[in-house]
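Here's a quick briefing to read with the structure open beside you. It walks through some helix packing and then an annotated site.

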Amino acid sequence: MKLGYSLCPNDTFIFYALARGKVAAPEPVEEVLEDVETLNRWAFEGRLELTKISYAAYGHLREGYVALRAGGALGRGVGPLVVARGPVELAGARIAHPGRYTTAFLLLSLLLGEGAFEPVELRYDRIMPAVAAGEVDAGLIIHESRFTYPEHGLEKLLDLGEWWEGETGLPLPLGAILARRDLGDATIRAVNDAVRASLAYAYAHPDEPMDYVRRYADELSDEVTRAHIRTYVNEFSLDVGEEGEAAVRELFARAEARGLVPQNPNPLFCC
């Protein structure tokens, strides 16, 4: 089975053991590492049996995929940031973003209103340089960029995680691991167990995955890499739990009410 996930330290840390055969899986797993928006778009084609996905994209994909309970990215203090070179009026501004199917873009659309700003789509690692160069007015940043934006001479205008938590009291759902429904319930349950076991292995041997993590970490310092893992890998990564499920339902309810994702009766989570 092909398993797609991002090059970010939280994903490579979680999936190291599974990708390297350290834990049992129902079938051999071939890892496919890509930018999350690429994975989002591939999921619309059903290209991969298993894939990391933005929750915003999952809102469009519930017919063919179901979310695993393990391996996702939810939490507090994990929100996307809007940054700029200085104060900016966001209404009508040119804002670089990492993809229309990212949860970051959905959150910004929920807050400001779809059409209230001019979106400029860029790969996530191109956003801060574009803002610093004055190519856009502001940037919507994700992943490790929340730790490094001051190095680009940028300042934070808005923390969408703080906004979400203040509005709902719930953790912020960013990304999930999806399984194609045609794999069948038994295989999907076994994959969910394998993902949980992979993270448990990483917790038990925290230094062992680090060479694998660094290979894809875009020359991030060890300090930033470990901060990224501490921030995005947490109890919700082992199991989304009742609170995490409530957060996902709230996100989808708000998006559905605004016509940003379609309604769908299929179960959100497996197992």
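In this predicted model, helix α7 (residues 160–168) and helix α12 (residues 241–257) have axes that come within 12 Å and cross at roughly 95°. Angles of 65 to 115 degrees count as roughly perpendicular, so α7 is roughly perpendicular to α12.

**Where α1 meets α10**
- Helix α1 (residues 9–19) packs against helix α10 (residues 222–232) at an angle of about 75°, and their axes are 8 Å apart.
- That angle makes α1 and α10 roughly perpendicular to each other as well.
- From α1, the contact uses Pro9, Asn10 and Phe13.
- From α10, Thr225, His228, Ile229 and Tyr232 take part.
- The residues here divide into four nonpolar and three polar, with no charged ones.

**The annotated site**
- An unreviewed UniProt entry lists Lys52, Ile53, Ser54, Thr103 and Ala104 under "binding site".
- From that set, Lys52, Ile53, Ser54, Thr103 and Ala104 belong to the lining of the largest cavity.

**Ser54, from the site**
- Ser54 sits in strand β3, which covers residues 50–54.
- Is Ser54 buried or exposed? The cut-off for buried is under 20% relative accessible area, so Ser54, at 5% relative accessibility, counts as buried.
- Not counting residues up to four places away in sequence, Ser54 touches Val36, Asn40, Tyr101, Thr102, Thr103, Leu174 and Gly175.
- One of those partners, Thr103, is also on the UniProt list.

**Ala104, from the site**
- Ala104 belongs to helix α4, residues 103–112.
- With a relative accessible area of 3%, Ala104 is buried.
- Which residues does Ala104 contact, leaving aside its neighbours within four places in sequence? The answer is Pro80, Pro98, Leu140, Ile142 and Leu160.

Technical notes
Residues numbered from 1 in each chain as written. Predicted model: local features only at pLDDT ≥ 70, side-chain atom pairs only at ≥ 80, totals over all residues. Heavy atoms only, no water. UniProt positions renumbered as here; feature names shortened; annotations may be inferred. 1 Å grid on protein atoms, 1.4 Å probe; cavity = no way out; pocket = protein on both sides within 12 Å on 5 of 7 lines; lining within 4 Å. Helix = DSSP H or I, 4+ residues; strand = E, 2+ residues; numbered from the N terminus. Buried < 20%, exposed > 50% of the residue type's maximum accessible area, 1.4 Å probe, protein only. Contact = heavy atoms within 4.5 Å. Axes fitted to C-alpha atoms, helices over the stretch in contact; angles between N-to-C directions. Parallel < 35°, antiparallel > 145°, perpendicular 65-115°, else oblique. Nonpolar A, V, L, I, M, F, W, Y, C, P; charged D, E, K, R; others polar.
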